[in-house]
Amino acid sequence: MQPAALALALAALQLCTAGSAPRPRLRQVRGFSWEDCGGGKDPIVLQSLSIAPDPIHIPGNVKVSASVTSSTPMTSPLKGVVTLEKKVAEIWIQIPCIDQMGSCTYDNLCSILDDIIPPGQPCPEPLVTYGIPCHCPFKAGSYSLPTSDFALPDIELPSWLTNGDYRIRGVVSYGGKELSCVQLELSVHSD
């Protein structure tokens, strides 16, 4: 069976069996890894990212540290393209965009940030403490988040987002020019 046909068959099966069953809850993320897929040549580079413990239990606490450098300011509209793939029988199958989740294109990330944290509201901690902005525009420079604790709430998953290994590639661009590319790999486990 061709990979495209297999992907369509799996997607149809998951949608047909979704029904009105209770939504699964994310319980654990393990094997988290990341890489800069821009080859270090993009204007915005994720220099470091650490997430602990492994596995991450949800709900639970997680420690995160990160460092980003930017040689260019980021202004609206920033376009985001996310590609989500699931490993099925040793083949990476792209998950389509369903209800704004999966392999989706977001034409204005700045407006999404404004929806999450309305303009005029202060940025949440620890961003304020470390001078990390949460609204566009973002100035060129270096941003660093030392190891910080975050509480993870109980998280419901769409019925089609099942246990397994996932690869997520995120590309941010402005005016057709790639600014940054990051790829994550992780294993999702739900109840």
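Me: In this predicted model, a disulfide is a pair of cysteine sulfur atoms within 2.5 Å. What makes Cys97 and Cys104 such a pair?

Reply: The sulfur atoms of Cys97 and Cys104 lie 2.0 Å apart. The cut-off is 2.5 Å, so the pair is called a disulfide.

Me: Why is the link of Cys97 and Cys104 given the handedness it has?

Reply: The torsion about its S-S bond is about 100°, and the disulfide is therefore right-handed.

Me: Why are Cys97 and Cys104 placed in separate accessibility classes?

Reply: Cys97 has 37% relative accessibility, which falls between the 20% and 50% limits, so this residue is called partly exposed. Cys104 has 2%; buried means under 20%, so Cys104 belongs to that class.

Me: How do you know that Cys37 and Cys181 are bonded, and what does the pair tie together?

Reply: Their sulfur atoms are 1.9 Å apart, which is within 2.5 Å, so the pair meets the definition. Cys37 lies in the loop between strand 1 and strand 2, and Cys181 in strand 11, so the bond ties together parts 144 residues apart in sequence. With -95° about the S-S bond, this link is left-handed.

Me: What makes the link of Cys123 and Cys134 a disulfide, and of which hand?

Reply: The sulfur atoms of Cys123 and Cys134 are 2.1 Å apart, again within 2.5 Å, so the definition holds. The torsion of about -95° makes this disulfide left-handed.

Key. Residues are numbered from 1 along each chain as its sequence is written. This is a predicted model: local features need pLDDT of at least 70, side-chain atom pairs count only at pLDDT 80 or more; totals for chains, interfaces and linings use all residues. Side-chain values use heavy atoms; hydrogens and water are left out. Helices (H or I, at least four residues) and strands (E, at least two) are DSSP runs, numbered from the N terminus. Buried means under 20% relative accessible area, exposed over 50%, partly exposed in between (1.4 Å probe, protein chains only).
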